[in-house]
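User: Please go through the contacts in this structure, and set each value against the rule behind it.

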Amino acid sequence: MLKINNLSAAVDDGQKQILSGLSLEVPAGEVHAIMGPNGAGKSTLSYVLTGRDGYEVTGGDVSLNGKDLLEMDPEERAAAGVFLSFQYPLEIPGVPTMTFLKTALNAQRKARGEEEMKAPEFLKKSRALAAELKMKPEMLKRPLNVGFSGGEKKRMEIFQMMMLEPNFIVMDETDSGLDVDALRIVADGVNKLRSPERGMLIITHYQRLLDYIVPDAVHVLAGGKIAASGDADFAKKLEAEGYDAYAA
Amino acid sequence: MPLDLNTLPTRRDEAWKWTDVRAVAKEDRGGLSAAGLPKFTLPDGVSISEASDGASQTDTPMASLARSISGAVWTVTVPEGFNAKDPLVIEGLSRGHIRIHLVLGKGASLSVIEHHAGDASSFVNLDMVIDLSEGASIERAIIHDDPESCLRVATTHITAWAGAKINQYALSFGGDLSRLETRVAVMGKEVEAVLNGAYLLGAKRHVDMTSYIDLAVPHCTIRQAVKGVVKDKARGVFQGKFHVRRPAQNTDAEMRHDALMLSDTAEIRSKPELEIYADDVACAHGNTIGQLDESALFYMRQRGIPVAQARALLTEAFVADVFDDMSDEPLQESVLGKIREWLGA
Ligand SMILES: Nc1ncnc2c1ncn2[C@@H]1O[C@H](COP(=O)(O)OP(=O)(O)O)[C@@H](O)[C@H]1O
Ligand SMILES: [Mg+2]
């Protein structure tokens, strides 16, 4: 499903090389975790996959279901089904959450040549989902993420993810800022989205999240590439032993 | 008698340094030397009269031009205690020199909608005087939507007596050269004024939002928030001044001007000023000029919102909050609709 081949990327106007020859494949239906020390380039990878300005691809290629992702604008990638749950979700003052999400959903549908979701269906779906994620209904009326706590923002990312039903999900440190209850709610949501057509890449610092969302494979990102890979138990070993063995 | 172009303000006049009327006022502008013909829609109970009146209520150069050319004043009288849902609508501010005098009796409450829409290549000089008696309250919506070739100066002189309330909301899309000036003389205690506005300018349009608030009595509250959005080669000017005289203790006054530059060929000039002689006051001003937040834009695009639409949404959100407290919801919706239309173009 997602194929990353020999990917190199730089920031700071190409001055600072962060990824150098990273290769990774996530087949449809699988959940892969990426772990690694701070500053290894995990968030950089998530931005390169989603096309953020300032994250310059200096080599390699990335495809999703055979389509070249790197050729596409961020909004085209989103319409193709790529979703990023941000490590630091942005606040969008003045734009109510529901307006934002409905605009996003229908823009994606339009780009895919599908019909718009009408207001009543949208409302119904969002209310049900908010209840499931134990979110206060007022949150949906407020400007997106404005004044939300760290945990609320993360929950809002999952809410958006479940509304948009993307087919490839990247979650960047979604667990940070969540207490155990919230973590369980979020994990339940994510697990519900697991399906044979969907792939996921879960970036995390801590093994904790992987107790709830059990991955098919775990990779270490160090030195700008995938330095080691293993199964779900590998995450436990990494947490116990640290990343020193993989230092660049 | 044709207007002598040399009597117009030029950039050598400090108050007009960014809005050089003389430079764009050519002899062939429609209405340059003629009286204009405004159109009024009056709510029941409000009366109007036209009288030639040489008395000078106002003393700016543009006011004396209006006086010498238009001669007559349209006087609208709102009786004491008046209160109606229907607004006073003023249209036909499309060319020429126009004088309007609006008088609100004690405790009267009035909503005014002004459509400043000019003829192509015309010259408009509006001189408006508003008297607010004790406890009177006015909500003023100014919708300035001129063709790109129009030259407009609209000056309003408001006198507010004790307990009067002013809620002013101006929306401007500029013109060849335009200035919307509001001058408020606060004469009685406990006056509350909101003087908000927004301008959205493209092409080579220019608008100047100037205000001067003269506070001479205690316990008044002023809130001013002006938002600007400029692109192409447009130019936005904000000049705001609060003059807090010695007796104006306990003045609570806040002035903000925040502008977005959507292209680096556009221009913003701003001069927020506080001149304070009273010692027990809370006065503040803020002025920012910035760009759209790139990370917010990326976030929206990551969710699938095309970049142009993302920019429009963020810009609308930036501008719209100055209109949040308008009491007439359909009017507020139409103001927001105009903003969206501009953003979509
Ligand atoms: N926009 C940027 N400009 C400059 N340096 C950046 C930028 N983004 C990331 N970096 C740098 O790239 C490195 C990797 O960062 P990041 O991808 O955030 O790591 P991780 O998510 O693994 O902690 C760090 O040294 C960081 O400072
Ligand atoms: Mg990170």
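**Interfaces and contacts**

Analyst: Across the interface of chain B and chain A the rule finds 2 salt bridges. This is a predicted model, in which local features need pLDDT of at least 70 and side-chain atom pairs count only at pLDDT 80 or more, while totals for chains, interfaces and linings use all residues. Residues are numbered from 1 along each chain as its sequence is written, chains are lettered from A and ligands numbered from 1 in the order in which they are written, and side-chain values use heavy atoms, with hydrogens and water left out.

User: How do you know which residues take part in the contact of chain B and chain A?

Analyst: Contact means heavy atoms within 4.5 Å. The contact takes 17 residues from chain B and 29 residues from chain A. The area buried between the two chains is about 1900 Å², 67% of it from carbon and sulfur atoms; buried area is the accessible area (1.4 Å probe) that two parts lose on being put together, summed over both. Of the area that chain B buries against chain A, B:Phe298, B:Tyr299 and B:Arg303 supply 40%, more than any other three residues.

User: What makes up the polar contacts between chain B and chain A, and which elements of chain B take part?

Analyst: There are 10 residue pairs in polar contact, both at pLDDT 80 or more. Such a contact is a pair of N or O atoms within 3.5 Å; within protein, one must be able to donate a hydrogen and the other to accept it, and residues adjacent in sequence count only if both atoms are side-chain atoms. Helix H3 (294-302) and helix H4 (307-320) of chain B each give two or more residues to the side that touches chain A, and H3(B) has the largest share, 8 residues.

User: What makes domain 1 and domain 2 of chain B separate units, and how much area do they bury between them?

Analyst: The bounds come from an automatic or database domain assignment, which gives domain 1 (5-291) and domain 2 (296-345). Their centres, taken over C-alpha atoms, are 25 Å apart. The two domains of chain B bury about 1700 Å² between them, 75% of it on carbon and sulfur atoms. On the side of domain 1, B:Tyr169, B:Leu200 and B:Lys227 lose the most area to domain 2, together 30% of what that side buries. B:Lys227 also meets B:Asp321 in a salt bridge at 2.9 Å, N to O.

User: Why is A:Glu91 with A:Lys153 said to tie together parts of chain A?

Analyst: The closest N and O atoms of A:Glu91 and A:Lys153 are 3.0 Å apart, and the two form a salt bridge. A:Glu91 lies in the loop between strand E6 (82-85) and helix H3 (97-111) of chain A and A:Lys153 in helix H6 (residues 150-164), so the pair ties together parts that are 62 residues apart in sequence.

User: How do you know that A:Lys42 is in polar contact with ligand 1?

Analyst: A polar backbone atom of A:Lys42 is 2.8 Å from an oxygen atom of ligand 1, so the pair meets the polar-contact rule. A backbone N or O atom of A:Ser43 lies 2.9 Å from an oxygen atom of the ligand, and for A:Ala40 the value is 3.2 Å.

Conventions. Salt bridge = Lys/Arg side-chain N within 4 Å of Asp/Glu carboxyl O. Helix = DSSP H or I, 4+ residues; strand = E, 2+ residues; numbered from the N terminus.
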